[in-house]
Amino acid sequence: MDTEAGPGSLPHVPGAVRPVPEAEPGLVERWRSQGGELVELLTQVRERLGGIAAFRLGPAPTVLVTDPQAVQHVLARHPDRYVKRSHRARLLIGDGVLAATGTAWKRQRRLLQSQFTGTGMRRYEQRITEAARTTAARWSGYARTGQPLDVEREMRRFALDTIWRSLTGHPLDDGTERELATVAAVTAALPTLPADVTDAQDAVASDLARIDAVARHAIKAARSGSAGPDGPGLLHLLVDAATERPEYTDRLIRDELVTLLVAGHETTATTLTWLYLLLDRYPAGREEALAAGGAGSAQRRQAIQALVHETLRLYPSAWILPRHATEDDTLAGYTVEAGTDILVCPYLTHRDPQLWPDPEHFDPRRFITPDGRPTHPGAYFPFGIGPRACLGLQFALRESTVLLEHLLPAHTLAFDSTPTKTSYGMTVRPDGPTLATVAQPHT
Ligand code: HEM
């Protein structure tokens, strides 16, 4: 039983088990008639009913979970009772580790895990640094010519370059970048595709064919032993695995490759884009990070990581984590019936004023000062928690920090204008152009 209560947690009443409080139908109808974003409905439901609250979009209730203890219960303590369901993304990533379930998922995750922790991560250090240097050199070029850059596109390019180098051992060339733009196009289209699987497939068939062609080419190169200038990549591990494990068919290797491209670049790219937009609003963040210590010092690194964490607090790219209850359960004193859809929402937990004072304010010191933030694992979880937590957590933090170590001291950005809207799709993204001019590097 979960008995621990922290700030922002629901008081646990031993023995009292109640139905989850449910939003009155009028609230949902008003929201629907106004054509609002899902995030607006969730915000209202949470404000009225608290950290565990139900609402109905159809005949069955959906339960919104934002209370830290309940988040931990669902994601980390009882992942067997609250499972991921086969989702839309399967169209793009097939049986890749992000969508897989059961024993297949366990096997796939085990194989990849060693690559993304400790010694495995060291293999990517050089590749991440090379990708960061390439981006910094490009920005110096923009600074010399005065040509504006598109921050979102730059960050996408960087994140795709690091993951592509890590997968194949090759830097990202212009042709591959162009072809892989279709990955982002399909990801963005997923929530709007027809409900019928065949119709949905037809709608993105030509994009999928282009993605498959890139994957086929990369798998063939890895299989032929061509390791690329940076040595063998993760794709070589998958191809090698196929020699001993028949389940690693070309199809599954393709699915893992596309999964890592999808999971590993959009999230990091949007985080870095938000970070620059937030620095535009709060320029002291950059100055404080650079004042924290000299280049390469542990203090500078810690201060830059705090910028990344504070950005992820306000804009956790995976802003909702859907689950499905497989059995009846008691969740922090409330009954949850088997078959209930659950939405865990880091975006709302991270903006709960009971947990995060002045939550809308960008303040990286929260992640530096002792006691600057709540320590409950369910209070800050941009990478998820529990067995399905992000495989690329270390990778994402490392690539973001290394890039910022290169860019922040040397370049400042002046945005032409900043997007005023936010898009809440598969990820939470700035909605609008992010054109900016780079100031001359300091010498
Ligand atoms: C700032 C960047 C990133 C964020 C915010 C992020 C966030 C997340 C979250 C929240 C989950 C869990 C989803 C759930 O519980 O439903 C997840 C899963 C995953 N992430 Fe990330 N991620 C990031 C970067 C990356 C990178 C760089 C990679 C790969 C190199 C990656 C690979 C994965 C994979 C493979 C999974 C699925 C794990 C599983 O289901 O076992 N992510 N990510």
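**Chatting through the strands and the iron site**

Q: What's the strand order in the open sheet of three strands?
A: This is a predicted model, and in that open sheet the order is E1-E8-E7, with mixed pairing.

Q: And which ones are the edge strands?
A: Strand E1 (18-19) and strand E7 (329-331), each of which pairs on one side only.

Q: Do E1 and E8 pair in the parallel or antiparallel sense?
A: Parallel: E1 and strand E8 (residues 334-336) pair that way over two bridges. Arginine 18 sits opposite tyrosine 334 in E8.

Q: Remind me, what do strands of a sheet pair through?
A: Backbone hydrogen bonds, and the pairing can be parallel or antiparallel.

Q: OK, switching to strand E6. Why is it largely enclosed by the rest of the structure?
A: Because four of the five residues of strand E6 (residues 321-325) are buried.

Q: Which sense does E4 pair with E6 in?
A: Strand E4 (residues 82-83) and E6 are antiparallel, joined over two bridges. The bridge partner of valine 83 there is histidine 324 in E6.

Q: How many bridges join E6 to E9?
A: Four, and E6 and strand E9 (residues 341-344) run antiparallel. In that pairing, proline 322 stands opposite leucine 343 in E9.

Q: New topic: which residue is the protein donor of the ligand's iron atom?
A: Cys390, through its SG atom at 2.3 Å, and it's the only protein donor of that iron.

Q: Where is cysteine 390 placed?
A: In the loop between helix H15 (346-349) and helix H16 (393-410).

Definitions and conventions:
Residues numbered from 1 in each chain as written. Predicted model: local features only at pLDDT ≥ 70, side-chain atom pairs only at ≥ 80, totals over all residues. Heavy atoms only, no water. Donors = N, O, S within 2.8 Å, 3.2 Å for Na, K, Ca; no water. Pairing = 2+ DSSP bridges. Buried < 20%, exposed > 50% of the residue type's maximum accessible area, 1.4 Å probe, protein only.
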